[in-house]
Amino acid sequence: MKKTGIVIAAIACALLLCVGFYNLKNHSGTGEEAKDMTTVQKIDARNLEQDYPKTPRAVLKLYNEIITSYYEGNYTEEEFDKLIDQARILFDKELADNNTKEEYKSAVQDSIANYNGRNFKIRQTDVCDSSDVKYITDDKNGDQLAYVTASYFTEEKKKFDKTYQMYVLRKDAEGNWKILTFYKVEGNSTEDE
């Protein structure tokens with residue numbers, strides 16, 4: 001009889017421990033807070049100094065999240081300012097130097113106002129497959145470059161359109177891929193530019 005009582009007590013303790021760990025894992029403050037965060041808050045909370053995207057595609061996916069968030073407009077002025085900062089961290093030093101924070105922020109605000117006046121919406125963004133990213137080494141200076149195509153499915157006044165941008169990223173001294181420049185292309189261009 002004593003053995004049965006001990007076994008039942010052990011099972012009960014194990015069950016309580018399992019339930020406790022489950023509750024701790026699924027209901028901790030940070031887990032619940034992360035679930036309740038908006039996309040803008042999640043972007044703003046990312047520490048890009050410690051957790052920078054590893055591939056050119058990942059950089060573009062994050063950049064697309066940022067620009068989509070710009071036009072959705074669901075943010076405070078402080079959150080918008082942090083979005084601008086996060087976007088600029090993705091910029092190559094050359095691009096960032098040619099676009100100060102104030103200039104970039106002003107350009108984004110002007111673009112948002114223009115698009116809002118036209119009832120413009122970005123419905124979906126996409127980045128080309130990994131196999132479609134073109135990597136080259138610049139013969140002149142040895143820079144490592146990646147060419148990545150992104151597409152934007154948009155709606156304006158109940159008309160839909162799909163546009164493509166070619167992004168050129170350059171690997172910096174720390175090994176991070178940074179946006180150097182971008183330009184509009186026709187279709188899904190992965191051919192030599």
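Does Leu 95 count as buried or exposed, and at what relative accessibility? At 14% relative accessibility, Leu 95 counts as buried, where buried means under 20% relative accessible area, exposed over 50%, and partly exposed in between (1.4 Å probe, protein chains only). Please keep in mind that this is a predicted model, in which local features need pLDDT of at least 70, side-chain atom pairs count only at pLDDT 80 or more, and totals for chains, interfaces and linings use all residues. Residues are numbered from 1 along each chain as its sequence is written, and side-chain values use heavy atoms, with hydrogens and water left out.

**The chain overall**

- The chain has 7 helices and 5 strands; helices (H or I, at least four residues) and strands (E, at least two) are DSSP runs, numbered from the N terminus.
- Reading along the sequence gives the pattern α-α-α-α-α-α-α-β-β-β-β-β.
- Of the 193 residues of the chain, 32% count as buried.
- Among contacts (heavy atoms within 4.5 Å) with a separation of 6 or more, 53% come from residues 24 or more positions apart.
- The accessible surface comes to about 12600 Å², and 51% of that belongs to carbon and sulfur atoms; the areas come from the Shrake-Rupley method with a 1.4 Å probe, and for residues only the protein chains shown count as cover.

**The nonpolar cores**

- A nonpolar core is a set of buried Ala, Val, Leu, Ile, Met, Phe, Trp, Tyr and Cys residues joined through side-chain atoms within 4.5 Å.
- The largest such core has 33 residues, and Tyr 63, Tyr 70, Leu 90 and Ile 179 are those with the most contacts inside it.
- Elements that each supply at least two residues of this core include helix H4 (56-72), helix H7 (101-117), strand E3 (144-156) and strand E5 (177-185).
- H4 gives the largest share of this core, 7 residues.
- Leaving aside residues up to four places away in sequence, Tyr 63 touches Ala 87, Leu 90, Phe 91, Tyr 104, Tyr 167 and Ile 179.
- Another core, of 7 residues, lies apart from it, and its members include Tyr 147, Val 168, Leu 180 and Val 185.

**Leu 95**

- Leu 95 has its place in helix H6.
- Not counting residues up to four places away in sequence, Leu 95 touches Ile 179 and Leu 180.
- Leu 95 and Lys 178 are 83 residues apart along the chain, with their C-alpha atoms separated by 9.2 Å.

**Helix H7**

- The 17 residues of H7 should span 24 Å at 1.5 Å a residue, which agrees with the 24 Å between its end C-alpha atoms; the expected span is 1.5 Å times one less than the number of residues.
- Tyr 104, Lys 105, Val 108 and Ile 112 are buried in H7.
- Seen down the helix axis, the buried residues of H7 fall within an arc of 100°, so they line one face; the arc is that of the directions from the axis to the C-beta atoms.
- H4 and H5 are among what covers the buried residues of H7.
- Asn 119 follows H7 and has a positive phi, near 60°.

**Strands E2 and E3**

- Strand E2 (residues 134-137) and E3 run antiparallel, joined by 4 bridges; two strands pair if DSSP finds at least two bridges between them.
- Tyr 135 stands opposite Ala 146 in E3.
- The hairpin of E2 and E3 has 6 residues between the strands, and Gly 142 there takes a positive phi near 80°.
- Ser 151, found in strand E3, is buried with a relative accessible area of 9%.
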